[in-house]
Amino acid sequence: FLGNGDILSIYRVTEGIVPTYFRLDYADLEDVSHLIQFPILNIEELNLDMIPVSAGQFRMGNLSDTSTGFDDEKPPLMVMHTNPFWIGRTEITQAQYEVVMDGENPSIHNGHQQLPVNNVTWSEALDFCERLTERERISGILPDSYVYSLPTEAEWEYACRSGTTTAFSFGELKSSISLYAWTKENSGDPGVPHRVGAKLPN
């Protein structure tokens with residue numbers, strides 16, 4: 001995911017066809033997240049946790065009744081994810097990026113290996129995912145039907161919301177945002193990234 005500052009933030013493992021051991025029944029299009037239990041995956045050589053996200057549906061966009069938000073977030077749309085997937089617990093760190101990309105690091109701010117990799121182009125982000133997929137397949141860890149890729153906007157928002165229907169994943173009060181995210185009010189020098197995992201999870 002390329003966000004403000006061009007940070008390679010999160011990616012997923014997905015499969016084109018839902019494997020039979022998930023045993024999902026899609027006849028009922030209500031939220032099916034309670035039907036699936038599958039584990040956190042750890043890419044050991046990268047020390048990277050992948051968090052499972054169950055199939056299901058959610059309202060995408062601005063869920064607030066106020067006039068806040070952007071016009072392209074309204075009205076909210078119902079989106080159905082028919083396949084479960086895994087998504088990175090945090091942004092990709094510079095240390096993780098260097099392992100996969102043979103020591104390359106395009107980051108402008110590179111004072112610490114636990115900082116998120118930044119200044120990443122779209123093609124570099126795709127190359128990272130393709131190389132990681134190839135490494136894991138050669139090692140026999142990743143099945144051929146799975147692939148690492150960048151999440152879609154809908155997948156990213158679905159994972160961030162974590163089943164909530166409030167304005168933010170942590171509730172309605174914007175005053176709590178400093179506990180969960182870096183903003184211009186609490187981040188110090190503008191444009192300087194902070195180490196990953198330093199805030200509360202959604």
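Asp49 is partly exposed, with a relative accessible area of 23%, where partly exposed covers the range between buried, under 20% relative accessible area, and exposed, over 50% (1.4 Å probe, protein chains only). The model is predicted, so local features need pLDDT of at least 70 and side-chain atom pairs count only at pLDDT 80 or more, while totals for chains, interfaces and linings use all residues. Residues are numbered from 1 along each chain as its sequence is written, and side-chain values use heavy atoms, with hydrogens and water left out.

The side chain of Asp49 meets that of Arg89 in a salt bridge with an N to O distance of 3.2 Å, a salt bridge being a side-chain nitrogen of Lys or Arg within 4 Å of a carboxyl oxygen of Asp or Glu. Because Asp49 lies in strand 3 (residues 48-53) and Arg89 in the loop between strand 6 (85-88) and helix 1 (94-100), the pair ties together parts that are 40 residues apart in sequence; helices (H or I, at least four residues) and strands (E, at least two) are DSSP runs numbered from the N terminus. Arg89 is likewise partly exposed, at 47%.

The structure holds five salt bridges, and another of them joins Arg131 to Asp127, whose closest N and O atoms are 3.3 Å apart. Arg131 is partly exposed at 24%, as is Asp127 at 25%.

In helix 3 (residues 153-161), Arg161 and Glu157 are also four residues apart, and their side chains meet in a salt bridge of 3.2 Å, N to O. Here Arg161 is buried at 10% relative accessible area, and Glu157 is buried at 15%.
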